[in-house]
Amino acid sequence: MRLTRRRPLVVAVLFCALAVLAARPGDGDGSHAPGHGATSVSTEVARLYEEAAKATERYEAGREEAEKQRELAQQLEERLDDERQEATGLREDLGRIASSQYRDGGGLPLTAHLLLADDPDQLMRGQRVVQHAEVTLDQALGRSERAEARLARDEAKAAAAWEKLERRNEELAALQRDIEEKLETARWKLQGEADASVAAGSCRGAVRLDQPPVEYTTPWVAPVETYELSASYGSGGARWANRHTGQDFAVPIGTPVRAVGSGTVVKVSCGGAFGIEIVVAHPGGYYTQYAHLAAVAVDQGERVSPGQWIGQSGTSGNSTGPHLHFEVRVTPEMGSSVDPVPWLTGRGVPL
């Protein structure tokens, strides 16, 4: 009877032990455990980054189209003013002809003029000239009025299209601002988690980002797509104990960082002056370093291709603001750097 009572208890204990073991982190969860950490924050930043870029593109395209419509409306308005001035001039010409006829003829009919004229042929020629001028001016006035009406319709359409585009652009601008606000919040949340990882000296692991649908036809690319160059190679200052060993790219937190060329990831680490960093070995004996990151998207030993997103920029480690620190080295370790700007320029990537 005791055995039958104790068996369910043993099974329950074993089940609980298995549950505890399953809930514990794996042996690889430490310095760099793939997939561990706030994957959702990194992917959210990447998604919002892409949405912000698309929203900006749509807004800029809308602004360009609105500017075209505005210029068209202005051109049509100017042409409309010209037509109105021409029509006014034609009406004045007709008025002068009518006044001249009245002064010369005194209101007498043409038959009376012929009977009283010294030279009837000359009078008839004069009358034909006047009549021809009247017809010509009348036709020109008709054409001008029709052109004026057509231009007025076209100008009204262009103005309406411009106003519609302006309203649409206001909506796009509001959408863009909303995305940027969400992105900024997500960026600093991501940076906060990066700072926690650096403080602990333990990377959160690779976050698999959806790669951009771009196939690069060149073997080398810049480490970020849109940037401003800040601190350059060899520059000095209180920020560094020695000369600056790389080229800094001023970019917001969460900006996708790209492998500049094909290679193998030989180092992914957190902590120290460089914060979160990646080192890639390239054929030919060169290495590239990407430092002060907020997140990584590759694991050590992984092969990468030109333009592949390998991480997200940040301001981890010894950093005074969001940027990417990029180095080119002849060994995987610091102290062997070369100037990255001419190095990239020589590979068809002028900065």
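The lining of the largest pocket draws its largest share, 7 residues, from α2. This is a predicted model, where local features need pLDDT of at least 70, side-chain atom pairs count only at pLDDT 80 or more, and totals for chains, interfaces and linings use all residues. Residues are numbered from 1 along each chain as its sequence is written, and side-chain values use heavy atoms, with hydrogens and water left out.

At least two lining residues each come from α2 (39–105), α4 and β3 (256–258). Helices (H or I, at least four residues) and strands (E, at least two) are DSSP runs, numbered from the N terminus. A pocket here is an open set of points on a 1 Å grid over the protein atoms alone, where a 1.4 Å probe fits, with protein on both sides within 12 Å along at least five of seven lines; lining residues have an atom within 4 Å of a point.

The volume of the largest pocket is about 480 Å³. Its lining has 22 residues, and Tyr49, Glu50, Ala53, Glu225 and Thr226 are the closest to the centre. By class, the lining holds 12 nonpolar, 3 polar and 7 charged residues.

Next, the disulfide. The count is 1, taking a pair of cysteine sulfur atoms within 2.5 Å. Cys203 and Cys270 form it, with S to S at 2.0 Å. Cys203 sits in the loop between α4 (120–200) and β1 (228–229), and Cys270 in the loop between β4 (263–269) and β5 (276–282), so the pair ties together parts 67 residues apart in sequence. The torsion about the S-S bond is about 120°, so the disulfide is right-handed.

Note on methods. Grid points are joined across faces, edges and corners, and a volume is the space filled by probe spheres set on the points. Ala, Val, Leu, Ile, Met, Phe, Trp, Tyr, Cys and Pro count as nonpolar, Asp, Glu, Lys and Arg as charged, and the others, Gly among them, as polar.
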